Amino acid sequence: MGSLKLKSNASNLTGEIKIPGDKSISHRSVMFGSIAHGETVVTNFLPGDDCLSTISCFRKMGVRIEEENGIVRVFGNGIEGLSEPTELLDVGNSGTTIRLLMGILAGRPFFSTLAGDESIAKRPMTRVTEPLSKMGAKIDGRKNGAFTPISIRGGKLNSIRYQLPVASAQVKSAILLAGLQTEGETTVIEPASTRDHTERMIRQFGGEIHRNGQEITVVGGQKLTGVHVHVPGDISSAAFFLVAGAIVPESEIVLKDVGLNPTRTGIIEVLKNMGANLEIIQNENSSVEPSGDLIIKTSSLKGTVIEGDLIPKLIDEIPIIALMATQAEGVTIIKDAEELKVKETNRIDTVVNELKKLGAVIEATEDGMIIHGKTRLKGGIVSSHGDHRIGMMLAIAALLCYEDVILEKPESISVSYPNFFTHLNSLL
């Protein structure tokens, strides 16, 4: 666990970046490739620590997976081709890996144990284990299956109709992946729309899934077939450079081939609402997942209110949005974001505490934060607390600081953006 002196007092940012592949889609491409029949080829795969944890887990279940130069080949033998792992399935820092994998393992007729790092050990698993147990899976773990390590003895599952208590793409996906292994139809009802990469990918691999309002229904017993998956750039990673381009003086940044899935573009809505100078060039050839190029220039921003159905579309971007709000005229209020408390860290408290160290005028609320702008930021010693998105946010914040900024635990950034600092330095 080291520390890093960050670049501060940047005069401008200019250049073009090819954003690394979307983390959510990279995870799912390996999972679906592993449970499909035949070869799946994944291009622009994100080789971050989280996605590599997913690959490692499926290799331990007998799936042949090859990686070379950003291309991943998965040789699937169908979901029935997975074999009982002889060792612990280590998910590292990845909440997506553990929660979606539970849905797959729930229907497999073997025993497995899942665990991860100290951050994963604190994250609530009941929201997944509860519906899977109702479907017939035998699941145990610390505090009656609330926390890792989690053990699963899978087997024959019943279909279910389940109302999600919280809007969570991970929980929804786990139930749908379990539902693929039942005899009937499984329906998940969302309180608000969440990212729909799992639904799109079921269709891409030849499966049948239906949406009616907030209800999503998947048919059990389907055979999936391997395909080619192109992973667009991750908009959650692009968000850091979108904000950097908007708040650092004399800047113009071009971000190439960024995913523009409408369930993920909350950051773009917020940028527009705050008055950002943003241009979007849609890629007409993107089929399964829409994508395009984004051009951001230094902007005169104003405060806004971020709440309600917009929150699930930008939950991962709230740390960098909070920073952007420190540079906007007026007050920005973020609410309905209780989910932030159970991410890699309690992101509400962590964002507020770290930005305060740099001179931000910001306060935590029960379900979000209130940020007062426009504020000149100073320097200081800050920490990612092992949370990749906090680390990247602080690196962007440092660009505005008129004193030195030291970041503790910078290595966490490799979870989702291994070449983040290379890209950042290329713009300076």
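Reader: Where is the place of Ser94?

Author: Before the answer, a word on the source: this is a predicted model, in which local features need pLDDT of at least 70 and side-chain atom pairs count only at pLDDT 80 or more, while totals for chains, interfaces and linings use all residues. Residues are numbered from 1 along each chain as its sequence is written, and side-chain values use heavy atoms, with hydrogens and water left out. Helices (H or I, at least four residues) and strands (E, at least two) are DSSP runs, numbered from the N terminus. Ser94 sits in the loop between β6 (89-90) and α3 (95-105).

Reader: Is Ser94 buried or exposed?

Author: Buried means under 20% relative accessible area, exposed means over 50%, and partly exposed lies in between (1.4 Å probe, protein chains only). Ser94 has a relative accessible area of 0%, so Ser94 is buried.

Reader: Which residues does Ser94 touch, not counting residues up to four places away in sequence?

Author: Contact means heavy atoms within 4.5 Å. On that reading, and with residues up to four places away in sequence not counted, Ser94 touches His27, Asp50 and Ile120. Asp50 belongs to helix α2 (residues 49-59), where the buried residues include Asp50, Cys51 and Ser53. The cover over the buried residues of α2 includes α1 (23-35), β4 (64-68), β5 (71-77), β6 and α3.

Reader: How many residues does the largest nonpolar core have?

Author: In soluble globular proteins, nonpolar side chains tend to be buried together. A nonpolar core is a set of buried Ala, Val, Leu, Ile, Met, Phe, Trp, Tyr and Cys residues joined through side-chain atoms within 4.5 Å. Here the largest has 73 residues, and those with the most contacts inside it are Ile247, Leu255, Ile396 and Phe420. Helix α9 (residues 235-247) gives the largest share of this core, 10 residues. A second, separate core has 61 residues, among them Met31, Val63, Val72 and Val218.

Reader: Which residues is Phe420 in contact with, leaving aside its neighbours within four places in sequence?

Author: With those neighbours left aside, Phe420 is in contact with Phe240, Phe241, Met392, Ala395, Ile396 and Ile413.

Reader: Is Glu16 buried or exposed?

Author: Glu16, which lies in strand β2 (residues 14-18), has 55% relative accessibility and therefore counts as exposed. Glu16 and Lys256 are 240 residues apart in sequence, yet 7.3 Å apart in space, C-alpha to C-alpha. Besides Lys256, Glu16 touches Val254 and Leu427, when residues up to four places away in sequence are not counted.
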